[in-house]
Amino acid sequence: MRPALPACLAVLILLGGEASARPHSLGIAVPTGESTIAYDMNGAGQVAAVLEDGDGNTRGVLFEKGKITDLGSRGGMHSDARGINDHGQIIGSARNKDGTWNAFLFHRSSGMRVMGTLGGPSSYGMGINQEGISVGFADIPNGDWHAFINDGGEQLQDLGTLGGNISYASGINKHRHVVGTAANADGYRHAFLYTAERGMVDLGTLGGRQSSAMAINDNGVVVGASETKDRRWRAFMHDGKRMVDLGALIGNYNSFATDINNAGHVVGTVMVGSERMSFVWRDKKMTVHRGGQGLHLTNAINDRELVIGATYDHGMTAATMASNAAAVITRGGSELLTLIAGVLTLAGLAVLYHVRNRGIEITGSGS
């Protein structure tokens, strides 16, 4: 018997009219058994994506007009592509033969330009703005990692922490305002906003111990997820003055916001038990899409109103969906599809992908 859809979710899912929310596969042709995940798409339709084979090896690619351009590697078995701007510059990371990683910028005309570190062995690229300024995180000599910003040269600028030992940057806007997560003096990780004028500012939580910022638009609106007093995770929006609980619209389920575009439309993921759903918040209304009717992995939303991520059916398939699409519920409900173990985890916790072999838990207190 299929589990019944919670009533509060059913109301939200039916909001927005009759238009189908069926996602559109990007049609990245790969050998049988490989998965494809889209992480970002620019205004020209160029896609930054990751392909994963049956052995778990990953490679970052540029996908455009039906063609795949491999971003290259550093001799290791893994690379990725996390963001792309309208100039076709891609931010990503590549693993070296010795197991360390290096953040890189890629452009089809110039290839891969590798960045340095903050004194430790590795660096990881996570976000890029339209001017080619990138952010991420890198090891420092003592083994901790710190958020960085990079203006195009090899040297990385350390953004510091909130008084604790770690930080990582996830997003940046045209004003060079950076968001991410950093440990405070108590060891808990909080969402932060960094500007050159004010440095790193703690954005607080929704009453819990921890929070994490994932993206910021050019209007300075930040999104991410925060723990609540009852230890649930809720998607949030921060307008520069206060943190707003978007997850309250969904109910007592874990939710994670992963991106926001310049129109203020937010995308993310809802977890109801083991079922993963995607959501779009726009025009002060939340629409939730069940598996099979929307994206299973929701990574980004661009200014063309396309939601970018992947669907799941025996493997991940890179796909997009219109942000104004309303979910469809057939009579008797829709089939529940869950992700198998080993597939890349929730985009909102994407940093775990890089550090899963280092024994570091991002969302726990202390390190």
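Select residues 134-139, strand S11, together with strand S10: the two pair in the antiparallel sense over 5 bridges. This is a predicted model, so keep a confidence colouring at hand for the later stops.

**First sheet**

Stay on S11 and pick Phe137. Its bridge partner is Tyr124. Now widen the selection to the open sheet, whose 4 strands run in the order S10-S11-S12-S13. The pairing is antiparallel. Where are the edge strands? They are S10, at 123-128, and S13, at 157-158. Each of these pairs on one side only. As a general point, strands of a sheet pair through backbone hydrogen bonds, parallel or antiparallel.

Move to the open sheet with the order S18-S19-S20-S21. Its 4 strands also show antiparallel pairing. Select 207-216 for S18 and 243-245 for S21: these stand at the edges. Each has a single partner strand, so one side of each has no neighbour in the sheet. Look along the sheet next. On average, neighbouring strands are turned by 35 degrees against each other, direction ignored.

Zoom in on S20, residues 233-238. S20 is joined to S21 by 3 bridges, and the two run antiparallel.

**Nonpolar core**

Which residues of the largest nonpolar core touch the most other members? Select Met237, Val266 and Phe279. The core has 18 residues. At least two come from each of S20, S22 (254-260), S23 (266-272), S24 (275-282) and S25 (285-289). In soluble globular proteins, nonpolar side chains tend to be buried together.

Centre on Val266 and show its contacts beyond four places in sequence. Among them are Val223, Met237, Leu246 and Ala257.

**A buried asparagine**

Go to Asn299, which sits in strand S26, residues 297-301. Is Asn299 buried or exposed? Its relative accessible area is 8%, so Asn299 counts as buried.

**Confidence check**

Finish by colouring by pLDDT. The protein has a mean of 85, and 83% of its residues reach 70 or more. Select residues 1-19: pLDDT stays under 50 there, and the model has 40 contacts beyond four places in sequence for this stretch. Then take residues 329-367, where pLDDT is below 50. This stretch has 93 contacts in the model beyond near neighbours in sequence. Where pLDDT is low, the predicted coordinates should not be read in detail.

How values were computed: Residues numbered from 1 in each chain as written. Predicted model: local features only at pLDDT ≥ 70, side-chain atom pairs only at ≥ 80, totals over all residues. Heavy atoms only, no water. Pairing = 2+ DSSP bridges. Axes fitted to C-alpha atoms, helices over the stretch in contact; angles between N-to-C directions. Core = buried A, V, L, I, M, F, W, Y, C linked by side-chain atoms within 4.5 Å. Buried < 20%, exposed > 50% of the residue type's maximum accessible area, 1.4 Å probe, protein only. Contact = heavy atoms within 4.5 Å. pLDDT = per-residue confidence, 0-100.
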